[in-house]
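Work through the exercises below with the structure open. Each task is followed by a stepwise solution.

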Amino acid sequence: METKSIQNKMFVENLSCYFGNKCVLEKVNLTIQKNEILTIIGPSNSGKTSFLRTLNRMNDFNPNFSRTGNVLLDDENIFHMNMEKLRTRVGMLFAMPIPLPMTIYENIVYAPKRLRLTKREKKSDLDLLVEQALKDASLWDEVKDRLNSSAMKLSGGQQQRLCIARILAIDPEIILFDEPCSGLDPISTAKVEETMLVLKDKYTIVLVTNNVKQASRVGSRTAFFLMGHLIEIDATEKIFVSPKEKQTNDYITGRFG
Amino acid sequence: MQKHQAKREKNMSKIKDDIIEKIIFLCGILSIVFVTLIFAFLLKEGISFFRESSFINFILGKFWYPSSTPPEFGILSLIVGSFIVTVGACAIAVPIGIMSAVYISEFAPKSIRDILKSLVELMAAVPSVVIGFVGMVTVAPLVRSLLDIPTGLTAFTGSLMLAFMAMPTIVTISEDAIRSVPWEYKEGALALGATKWQTIRRIVLKAAMPGIIGAIMLGIGRVIGETMAVMMITGNAAHIPSSIFEPVRTMTATIAAEMGETVKGGLHYRALFAIALVLFSITFLVNFIADMFLGKSKNK
């Protein structure tokens, strides 16, 4: 591990976010390293979801949203990039699994095909793309015989992994997970976590979670947010074994939050 | 003693409950009874017409000469008239209606949305005779001079004005359907890098489609059944037109215009009921289809 050189993928510089006059995030500085799983923990209202949604500019749809500071993706300022282009490089998975109202197959080819992200227009190429995405999301074995049935008929955990596959099909560099397991049972959660650990080799992952245990299971590094401030960020083992800040310790030992 | 009284009070409230329940039941059943009665009446008068004249001749006959001797009752030209006006109105109202629904629900800022919504609802409240009147005195002369045709009272003018009447229905119901598409669908597509327009076209409109089709059907239902405005602005010539810029006569206008001149129980009178029967079947079918689509969108 130590020999592998650490590459930084994303720089967050002095980022502050506001909804109306309310400051939800204040002067956050952190880096996201390539091929890591950065887990973000913190009680509700700590600004962790707002932070995540800023990274691919999903907050831009809210007319009350404003921010100062910058986020760089491979040295390019994301706020100067084309928004749609950014989102194909930084994909996002939401808390509720929301398959689009079409078949499993269509859900996956939707983005690559419609957005002309792929030159692969031929049916056989698209088939391969679907198979690869579903395999990477560890869903292939469960759905390979019914790719043309409606995605709405899948179970919650399967739907969430379908959403992962859908993102993988556009081949992003970073995937943002916004509490992806909050609506799932423990077995589905375990499967999603397994999937994340596999994906780490190819992608950079940022995971926001309310589940402290989950952060300790999958995180390479963990950041603790509280009331809009980044309190502490370090290797996951360090955060969970010997946190520097008292607040972090209180939170992970369950004294509040 | 007290126990006794409590029991009596309980009985009283139970009786009151029962009475109210019966009244509500009666009100509910009444509307069904009325519709059935109307249909039965139509059927009785209409069917008796077909005893003296064949159904095929009635539907496919080209000539509507109710007062010549012998009279001819062929309603093909009337059906064609209704059809042309309806199709024309839809061709105008559907695209504009859906686009304004998309604009109101997806693009308009809140202040504009509120104004637009109430204006559209106000549009639905304009009485059809007013629309007919406006069409007759302003739109028809305009159509005549612009297109240089002998009269401005044409199927096209009728379609134009009826489109105005169908639009509020289409806009309001489509808008509801579009807005009930969960925000998460849009977010999901946007997070994949889709633009706003791609999201609307591929996701929002697709998910809202059953509701939108229902809205269109209800709009069509309104147009087919419309009488006063079409009578005033379509020219009322009972012949099969060769283009939409010729006068036509619809089924509804025929009934409204001629019912007053007929002998009650006479052949002409019953022929008008037969037209009403045909019209009723068409609107029933359209509403039935609309219900099917609207029901489907709710169950999902």
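Helices (H or I, at least four residues) and strands (E, at least two) are taken as DSSP runs, numbered from the N terminus. The model is predicted.

**Exercise 1.** Determine how many helices and strands chain B has, and whether the chain is spread out or compact.

Solution.
1. Chain B holds 11 helices and two strands.
2. Read from the N terminus, the order is α-α-β-β-α-α-α-α-α-α-α-α-α.
3. For 300 residues the globule rule gives 19 Å; the radius of gyration of chain B is 25 Å, well over that value, so chain B is more spread out than a compact globule.
4. Along the principal axes, the C-alpha atoms of chain B fill a box of roughly 85 × 70 × 35 Å.
5. Of the 300 residues in chain B, 38% are buried.

**Exercise 2.** Describe how α5(B) and α6(B) cross.

Solution.
1. The helices are α5 (residues 128–147) and α6 (residues 155–179) of chain B; their axes come within 10 Å and cross at roughly 140 degrees.
2. Angles over 145 degrees would count as roughly antiparallel. The pair α5(B) and α6(B) is therefore oblique.
3. The crossing is right-handed.
4. Residues in the contact include I131(B), V139(B) and V143(B) of α5(B), and L160(B), F164(B) and M165(B) of α6(B).
5. By class, this contact has nine nonpolar, four polar and no charged residues.

**Exercise 3.** Characterise the side of chain A that touches chain B.

Solution.
1. Chain A contributes 18 residues to the contact and chain B contributes 16 residues.
2. On the chain A side, α2 (83–89), β6 (90–93), α3 (104–114) and α6 (156–168) each give two or more residues.
3. The most come from α2(A), with three residues.
4. By class, the chain A side has 11 nonpolar, three polar and four charged residues.

Methods:
Residues are numbered from 1 along each chain as its sequence is written. Chains are lettered from A and ligands numbered from 1 in the order in which they are written. This is a predicted model: local features need pLDDT of at least 70, side-chain atom pairs count only at pLDDT 80 or more; totals for chains, interfaces and linings use all residues. Axes are lines fitted to C-alpha atoms, for helices over the stretch in contact, and angles run from 0 to 180 degrees between N-to-C directions. Angles under 35 degrees count as roughly parallel, over 145 as roughly antiparallel, 65 to 115 as roughly perpendicular and the rest as oblique. A crossing is left-handed if the near helix is turned anticlockwise from the far one by less than a right angle, and right-handed if clockwise. Two residues are in contact if their C-beta atoms, placed from the backbone, lie within 7 Å. Ala, Val, Leu, Ile, Met, Phe, Trp, Tyr, Cys and Pro count as nonpolar, Asp, Glu, Lys and Arg as charged, and the others, Gly among them, as polar. The radius of gyration is taken over C-alpha atoms; the globule rule is 2.2 Å times the number of residues to the power 0.38. A residue is buried if 20 or more other C-beta atoms lie within 10 Å of its own, exposed if 12 or fewer, and partly exposed in between; C-beta atoms are placed from the backbone.
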